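Subject: Structure handover

Hello,

Here is the structure I promised to pass on. My notes follow below it.

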Amino acid sequence: MAANRESPNRSEDKTLSHIQNEVNRKLKYISLAILVIQNASLILSIRYVRTLPGDHFFTTSAVVMAEVLKVFTCLVIILIQQRGNVKNFAMLLYNSLFVQYLDTLKLAVPSLIYTLQNNLQYVAISNLPAATFQVTYQLKILTTALFSVLMLRKSLSKIQWISLMLLFAGVAIVQVDQESGKQKETLTSPNQNYVKGLVSVIISCLSSGFAGVYFEKILKGSSASVWIRNVQLGIFGILLGLLGLWWNNGTDIAEKGFLFGYTSLVWGVIFNQAFGGLLVAVVVKYADNILKGFATSFSIIVSTITSVYLFGFHVDLVFTLGAGLVIGAVYMYSLPKSNTGVSSISTTSSEHSKGGVSELEAFLPKSVLVK
């Protein structure tokens with residue numbers, strides 16, 4: 001009799017489990033689509049607005065505006081988490097930002113680097129074809145891996161080391177192809193400088209790798225929520241961004257205004273910057289590392305194809321070979337390691353849990369363009 005009573009419950013549990021698995025499977029592919037769109041659209045949209053004829057907006061002001069929007073969003077999320085209790089909200093911010101001021105000051109270093117990285121990415125995308133930037137920017141995987149080995153004493157699997165070598169080789173092939181002069185006709189504007197763009201993207205990759213690992217080290221030793229951390233980063237980002245704005249464009253902005261050159265397309269870029277990473281951070285928990293690697297690889301293909309139609313980018317055999325190596329390397333790097341392997345650069349959720357950091361929280365700071 002007892003067995004008969006349990007049977008319907010087990011059947012119901014199996015049905016619910018099947019439904020949950022189906023929902024998770026659909027969410028994975030939705031996450032994949034969002035990751036591809038976010039990765040490709042940001043690069044392409046920045047490239048597009050920076051190559052349009054006419055007055056261009058100040059990139060330093062766009063960096064500051066994106067930070068302001070990101071901080072505002074995080075504050076709203078924190079307020080919602082406090083169930084709209086303004087007093088608790090204010091006390092939490094006061095305690096996190098001022099009482100624990102030494103903890104807050106630790107974020108000044110990565111914030112400075114992220115602000116520099118943000119501005120450099122604008123410079124790089126303004127001077128490089130979108131597809132070339134997208135391929136070259138994957139060097140951030142290499143720099144992050146190397147800094148993780150040096151600073152966090154992490155170990156990489158043989159497949160990961162091989163993928164990093166393939167990644168470097170692929171980027172080198174693309175750059176040789178670009179330097180050969182076959183693609184230089186795509187740089188139609190006299191204001192574009194290929195060398196300047198290349199140096200900017202390389203420095204951006206170095207800064208991204210160091211700042212990401214440094215931030216991970218801070219997160220592992222902290223119990224603060226990711227939203228508080230992003231508020232702390234954002235405050236420093238706004239202040240440092242304003243300093244950079246004054247240094248580079250102070251006179252021009254005083255004359256023309258902070259929002260000079262802003263159009264609906266520019267606002268779209270800024271909103272993508274500010275909210276794109278937050279959105280990806282929310283959906284990425286439904287996608288495993290393989291899907292994330294696939295999304296990055298597929299976004300390179302999307303960027304390349306779109307660049308052909310939008311910017312007249314010419315794809316030849318050498319570029320295809322280099323891009324193909326990079327795409328394969330990114331995918332290989334994201335493959336799960338065997339149980340006997342040592343911890344990889346892509347820290348697992350269980351590892352983050354030991355340090356008080358969830359997978360979502362660890363991913364977020366690195367997913368946002370400014371982070």
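Helices (H or I, at least four residues) and strands (E, at least two) are DSSP runs, numbered from the N terminus. On that basis the protein chain has 15 helices and zero strands.

Two points on sources. This is a predicted model: local features need pLDDT of at least 70, side-chain atom pairs count only at pLDDT 80 or more, and totals for chains, interfaces and linings use all residues. Residues are numbered from 1 along each chain as its sequence is written, and side-chain values use heavy atoms, with hydrogens and water left out.

Overall picture

Of the 371 residues in the protein chain, 47% count as buried (under 20% relative accessible area; exposed is over 50%, partly exposed in between; 1.4 Å probe, protein chains only). Contact means heavy atoms within 4.5 Å. Take the contacts between residues at least 6 apart in sequence: 86% of them join residues at least 24 apart. The chain's accessible surface is about 18,200 Å², and carbon and sulfur atoms hold 66% of that (Shrake-Rupley method, 1.4 Å probe; for residues, only the protein chains shown count as cover).

Thr 136

Thr 136 sits in helix α6, residues 130-136. Thr 136 counts as buried because its relative accessibility is 1%. Its side chain makes a polar contact of 2.7 Å with the side chain of Gln 175 (a pair of N or O atoms within 3.5 Å; within protein, one must be able to donate a hydrogen and the other to accept it, and residues adjacent in sequence count only if both atoms are side-chain atoms). A polar atom of the Thr 136 side chain also lies 2.7 Å from the backbone oxygen of Thr 132. Beyond neighbours within four places in sequence, Thr 136 touches Val 171, Gln 175, Leu 198, Val 201 and Cys 205.

Salt bridge

The structure holds one salt bridge (a side-chain nitrogen of Lys or Arg within 4 Å of a carboxyl oxygen of Asp or Glu). Glu 67 pairs with Lys 70, with the closest N and O atoms 4.0 Å apart. Both lie in helix α2 (residues 59-81), three residues apart, about one turn of the helix. Both Glu 67 and Lys 70 are buried.

Surface patch

Phe 294, Phe 298, Ile 301, Ile 305, Val 308, Tyr 309, Val 315 and Tyr 331 form a nonpolar surface patch, with about 730 Å² of accessible area together (residues with over 30% relative accessible area and no salt bridge; nonpolar side chains, Val, Leu, Ile, Met, Phe, Trp or Tyr, are joined within 5 Å). Helix α12 (residues 289-311) gives the most, six residues. Tyr 309 is in helix α12. Tyr 309 counts as exposed because its relative accessibility is 71%.

Best wishes

Terms used. Patch = residues over 30% accessible without salt bridge, like charges linked within 9 Å, V, L, I, M, F, W, Y side chains within 5 Å.
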